[in-house]
Amino acid sequence: MNAAPTPQPGIMEIELYQGGASKVDGVTDILKLSSNENPYGAPESARIAAAEATQVMHLYPNTDHASLRAAIAEVHDLDPDRIVCGVGSDEIIHLLCQAYVGPGDEVLHTEHGFLMYAISARAAGATPVKVPERDRTVDVDALLAGVTEATRLVFIANPANPTGTLLNGQDVVRLADGLPDGCLLVLDGAYAEFADDFDGGLGLAQHRENVFATRTFSKLYGLGGLRVGWGYGSRAVVDVLNRIRGPFNLSNVALAAAEAAVRDRDFAARCVADNTVQRARLRKGLAGLNLPSDPSAANFVLARFADEAEATSCDAFLKSRGVIVRHPKSYGFPDCLRITVGDAAGVDRLLEGIAAWREQ
Ligand SMILES: *Cc1c(COP(=O)(O)O)cnc(C)c1O
């Protein structure tokens, strides 16, 4: 038999991404708090728009996403020509790596940073380089110290996942200022809407050639299953990404739902307000159970246990009751559980579960 070809360098070093679990054998009433999804689901407006769009599923979608870009631009006060839409922001991250790095290039990310940065860097043949964080927060000095002549891309999520911590505006500017020419700072704003008075770096991306911001419909807008994200940057970068993205990357259904969702400002405002209230309840409840956490600017909280054994035991106990959270071992937090902020009943059920685990 003739052998199959060898994959490109780097690909076999990629560890398979594990999504948040959604099932427990033998338990029917599941509360999924493992993937930072919206506890209220998708807005009604998006469901109606998606249903209507199924009427034209035999037609190819448009290739320029003009209508969705116009809606995003209107809501965020941006230039629609500088927006690029992708199959989740994951695709935008992937396209950035495909376009700007290859063998010999370095992609910088932080110690507990989102796993997709290293995966996409390796997929492009580049070398992901990890720098330390300080107290579970992005450390600008460590990042700047990690930059070499080979660095082309620097990824930070702000707020960060899985820590939920926010890097302040001055520090982000300092990072952007400190990077050498030819190096792009990518600000992943998947959770930006959940932080108070924060534009997710869109303002910086508006004014700086070397800053690119990404956003998603998967978290606040409840459309994780449809896969829509977008990025904002200079015309030059957007032009590059458009050349390599699939022309029909977003389906009619996804485009229609995302446009309706982003225009539904009431839904977004209600979800953000509720998240703020429930997040505070969750952190307070956890603290009462002797589980500290950092102030979170996102829709999840990282609860710190005494050690890995405790986190593992609590995780298993919650699972047996149908409550699924994330044990972020692969993010360097074996002694923590990342818990998505639920609705009021969800937060109650989670806290009752942990209290019962403490008592057993
Ligand atoms: C969830 C998440 C994303 C978004 O992923 P999509 O592909 O848009 O669903 C991006 N970055 C971080 C840090 C995330 O947690």
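Modeller: Let us begin with one pair. The crossing of H1 and H9 is right-handed. Keep in mind that this is a predicted model.

Biologist: What numbers describe two packed helices?

Modeller: In general, packed helices are described by the angle between their axes and the distance between those axes. Here, H1 spans residues 44–53 and H9 spans residues 252–263. Their axes come within 8 Å and cross at roughly 155°. An angle over 145 degrees counts as roughly antiparallel, so H1 and H9 are roughly antiparallel to each other.

Biologist: Which residues of H1 and H9 make the contact?

Modeller: H1 brings Ser45, Ala46, Ala49, Ala50 and Ala53. H9 brings Asn252, Val253, Ala256, Ala257, Ala260 and Ala261. By class, the contact has 9 nonpolar residues, 2 polar ones and no charged ones.

Biologist: Now helix H2. Which of its residues are buried?

Modeller: H2 covers residues 66–76, and its buried residues are Leu68, Arg69, Ala71, Ile72 and Ala73. Their cover includes strand S2 (83–86), S8 and H9. Just after H2, Asp77 takes a positive phi of about 60°.

Biologist: How do I read an annotated residue? Where is Lys219 found?

Modeller: Lys219 sits in the loop between strand S7 (211–216) and strand S8 (229–232). An unreviewed UniProt entry annotates Lys219 as "modified residue: N6-(pyridoxal phosphate)lysine".

Biologist: Is Lys219 buried or exposed?

Modeller: The cut-off for buried is under 20% relative accessible area. Lys219 has 15%, so Lys219 is buried. Beyond its neighbours within four places in sequence, Lys219 is in contact with residues including Ser35, Asn38, Tyr191, Phe194 and Asn299.

Definitions and conventions
Residues are numbered from 1 along each chain as its sequence is written. This is a predicted model: local features need pLDDT of at least 70, side-chain atom pairs count only at pLDDT 80 or more; totals for chains, interfaces and linings use all residues. Side-chain values use heavy atoms; hydrogens and water are left out. UniProt positions are given in the numbering used here, feature names are shortened, and annotations may be inferred rather than shown by experiment. Helices (H or I, at least four residues) and strands (E, at least two) are DSSP runs, numbered from the N terminus. Buried means under 20% relative accessible area, exposed over 50%, partly exposed in between (1.4 Å probe, protein chains only). Contact means heavy atoms within 4.5 Å. Axes are lines fitted to C-alpha atoms, for helices over the stretch in contact, and angles run from 0 to 180 degrees between N-to-C directions. Angles under 35 degrees count as roughly parallel, over 145 as roughly antiparallel, 65 to 115 as roughly perpendicular and the rest as oblique. A crossing is left-handed if the near helix is turned anticlockwise from the far one by less than a right angle, and right-handed if clockwise. Ala, Val, Leu, Ile, Met, Phe, Trp, Tyr, Cys and Pro count as nonpolar, Asp, Glu, Lys and Arg as charged, and the others, Gly among them, as polar.
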